[in-house]
Amino acid sequence: MKYAAFTISIFLLISSLSMTSGDDKPNGTTRRGVAQDPVEENARFPDAYRKQECPPSPQPKDWLMIPHGGVKSEGCARVNLQDLELNFDATKAASDQIRKLMLAQDSALTAERKERLRLENAVDLTTSLDDFVRDKAAMIALGKAFFWDQQIGSDGQTACASCHFKAGADGRGRSLGMALRRMTGEAPLADGTEPSRPLVSDDFLKMYQFRWGGMIDFDQFVASLVQRAVARLEAEASTGVFPYASVHKELIEIQILDSAPTEISVAWKRLIEALSGKDDIGGEQGEVRTISSLAVDGMLFVGYAKVATASQKRKSTDELAQLKGRWQNYTDDQLQGVSGLGAALAPNEAERLTELPEAVRISIPMNAPTVINAALYDRLFHNARAASVFNGYDHLGDSAGRDGYGKWVCRNGRWHRTLVRIPDAALASQATAPLLSSAEMSWFGRQYHHVARKILNRRPLQFQAISQNDSHLQPWLVNGQLDTTYRQLIQKAFKPEWWCGGRVPRVEEHDALTGMELELDQVEANFSLFWGIALMYYQNELISNTSEFDRLMSLRLQGKPLFEGQAAEESKRIRAILSGYKTFQEHACADCHRAPEFADATRATVYGPMLEFEGPLDAINAETETNEFADFLGSGKAGLDSRIERMPFRPEHAPRFYDAGIYNIGVTSDREGTEGYNPGVAGEVWLNFQNENEALTSIGQQFGQGLVTDLLARKIPVTFSLARRHADDWSNVVGSFKTPTMRNVELTGPYFHDGDQNRYATLDQVLEHYDIAQNNLGIENEFLHPALRLEPGAVQRETAIPDSLRPDVIAFLKSLTDPRVRENIAPFDHPTLQVPVVPQVDPMGRTHAPDLKPDTAF
């Protein structure tokens, strides 16, 4: 969002695409679009437009009239692009072509990927979808089954669609995820339920150790985290606001042993001396207490310390007996002091040690974004953590840890391990994140091979009704059921070299439930690859481009009247839509929700053709100013990587870097430690230190399925923000979230990333927010986008829309609804779905039947 916005592209392509929208151009001429002044039919919105093949530049200066790539002038290019803004299909075609040319110019085998090839013992790099896809129709069908099948979730009730069933979003607002339980490893039941038991705090570290112990020295990894924790505590203690007494008490409960490295012993002693005798100042120090607890438990775990004092909470005889499984040399009094992770050490675990709170479905504190038109985005999730590049196993792209399974190809009877890096595949990256998340679809401890072994020989969607005319599944339907298995669909969709082999040569990752080495068939080892690509192909079908607004703009581009033959009431309604669009543009809404996608952070807006340029609105009026638009015309480039941009967030500060299309609009607090705080794209691959359980569950819920220890061991955490990676000290991204599409917004409430039913249930409430720009605490965010700030001397914010104009703006927004989406018509038709409406679950972690409602009830 900048002070001026212009669009660029490959202009020969645009010239051929921008004026077509289903019908041919009349008389081979172009007609000026309505993007700049769409108001009433009289005077400012005439039906009769002057015809010309190419208008002059805004001012006829010779240096701007030089032809670029066959386009007659800058003025002609601007008009062609104005028209493109009103043509969704032409914009998408231009964007796809731009990316194709850009990717052809870039080398896929970067230095970073060469190093990753070495680390993962891979022999080649695979980047093209053509290397995977055997049958596109089967791939789409497989993806649709994956998306809607409730058998996929550990509880046999949760599908991807459970959070994306109403216009691609969640009709409940905030989604209900899984109950926190752990897998037992027993065979799944016929209905898809995986046997489980209550999750206890001691499960976390044990399962992480089991899973990654074959790839790293796990004790050494924990020791390195302890050292960093001690350094963090020392730094926090120097601030003067610190819970000295309570942390000191916890730290002196253990005694450092001679086995501890000198640097840890010295740092520990120095920390205890610094804390000794200090008053407990307190303050908002939940993180500090959590870090101290984790440091203590980590020291116990790796054998650098023993318990020196007894905890006040007495353990039962059975609990003490189990703790002696590892701590044989400790007395009962000493074992009474073992808590948290320290209790994770007994090999013969009891039924219940430190059980977490009553198991109910997690209320996910984010509003699931719509998957409709998600195919247009460069990165996905509200915080853009799903990378544009798909690595074949998780959502972090090139930033991920190592793949513990590997991706295996079998050609001519020989095995090859390949590194997968598919560009422009954020949908595939995003698809992998929820599948194994203990918050969204899985019991704790589940891995890809568990999912594969559960479903490969099952009939997809066997407990859900499917229309005999389903737009994607019909070829496989017999008597209303799919006459195939997931294994057969995978074999139909993917080329044989990805599934035809037997047992793969090696798997570094171990089973998280047992710690045993894994022996996987190729189809199991490559399952995450199948999952991501198939879901991407299905969601690529979910393109919404036939709204009433599209129809009106198509008529305008063809030079056809909008009002001819219309009744007075209908003409009034159309005028309201056009007037609302004009207001939408004039109040900075269109700076972020940019036509024709009415979104930002999409490939069209970060690579082209819908790019933005810094500078005055019309730089040609001053010879001394740079006209970046004209410069780009003459550059001969296909597109421009503008995912990182600069913007003056405050007049008194130098411009800052930010992630294009990802903004802080003041919905939730951007002050760390306050209620509702969410860093958004500024978030990092690190632990959530609210408490010990939050710290450990955050690994399984957020960080992807690559080797998590690779990421946590980095001295500089991986951040989701490209701007922070580029120049962290000069970025301004805290509290920023991806700009959503306005298409079908009528159907996707409640709104914004937090889905607060009380604050943002209606479109009118959304417009009100842009008037007051206050967060959940009722104050303005520190890093609020400048367009939402009330400048000194200003009467209202740039984004504030007067009450008298809001009905027309809402009429315009509703005109962006695609009737096919509203009515679930192809390609938006789908199988039936039952979704939970209360968090309570039965002893198996499943929702009771009366508490499940059909998706059509929302």
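Guide: Start with two helices. H7 passes H9 in a left-handed crossing. Keep in mind that this is a predicted model.

Visitor: Which residues make the contact between H7 and H9?

Guide: H7 brings Ala-223, Gln-227, Val-230, Leu-233, Glu-234 and Ala-237. H9 brings Glu-263, Ile-264, Ala-267, Trp-268, Arg-270, Leu-271 and Leu-275. Sort the residues of this contact by class and you get 9 nonpolar, 1 polar and 3 charged.

Visitor: At what angle do H7 and H9 pack, and how far apart are their axes?

Guide: Find H7 at residues 218–237 and H9 at residues 262–275. Their packing angle is about 30 degrees, and the axes lie 10 Å apart. H7 is therefore roughly parallel to H9, since angles under 35 degrees count as roughly parallel.

Visitor: Now the empty space. How is it found?

Guide: A probe the size of a water molecule is rolled over the atoms, and this shows where empty space is left. Here the count is 9 cavities of 30 Å³ or more. The largest cavity has a volume of about 710 Å³.

Visitor: Which residues are closest to the centre of the largest cavity?

Guide: Look for His-593, Pro-740, Met-742, Phe-752 and Tyr-770. They belong to a lining of 38 residues.

Visitor: Let's turn to the backbone. Where are the cis peptide bonds you can show me?

Guide: Ala-595 and Pro-596 are joined by a cis peptide bond, with omega about 0 degrees. Pro-596 sits in the loop between H20 and helix H21 (603–606). Another cis bond runs from Ala-826 to Pro-827, where omega is near 5 degrees. Pro-827 is in the loop between helix H28 (819–822) and strand E16 (834–836).

Visitor: What is phi of Phe-598?

Guide: Phi of Phe-598 is near 55 degrees. That is a positive value, and the residue is not a glycine.

Visitor: Where does Phe-598 lie?

Guide: Phe-598 lies in the loop between H20 and H21. Pro-596, with its cis bond, is in the loop between these helices too. Trace that loop in the structure, and you will pass both residues.

Conventions. Residues numbered from 1 in each chain as written. Predicted model: local features only at pLDDT ≥ 70, side-chain atom pairs only at ≥ 80, totals over all residues. Heavy atoms only, no water. Axes fitted to C-alpha atoms, helices over the stretch in contact; angles between N-to-C directions. Helix = DSSP H or I, 4+ residues; strand = E, 2+ residues; numbered from the N terminus. Parallel < 35°, antiparallel > 145°, perpendicular 65-115°, else oblique. Left-handed = near helix turned anticlockwise from the far one by under 90°. Contact = heavy atoms within 4.5 Å. Nonpolar A, V, L, I, M, F, W, Y, C, P; charged D, E, K, R; others polar. 1 Å grid on protein atoms, 1.4 Å probe; cavity = no way out; pocket = protein on both sides within 12 Å on 5 of 7 lines; lining within 4 Å. Points joined across faces, edges and corners; volume = space filled by probe spheres on them.
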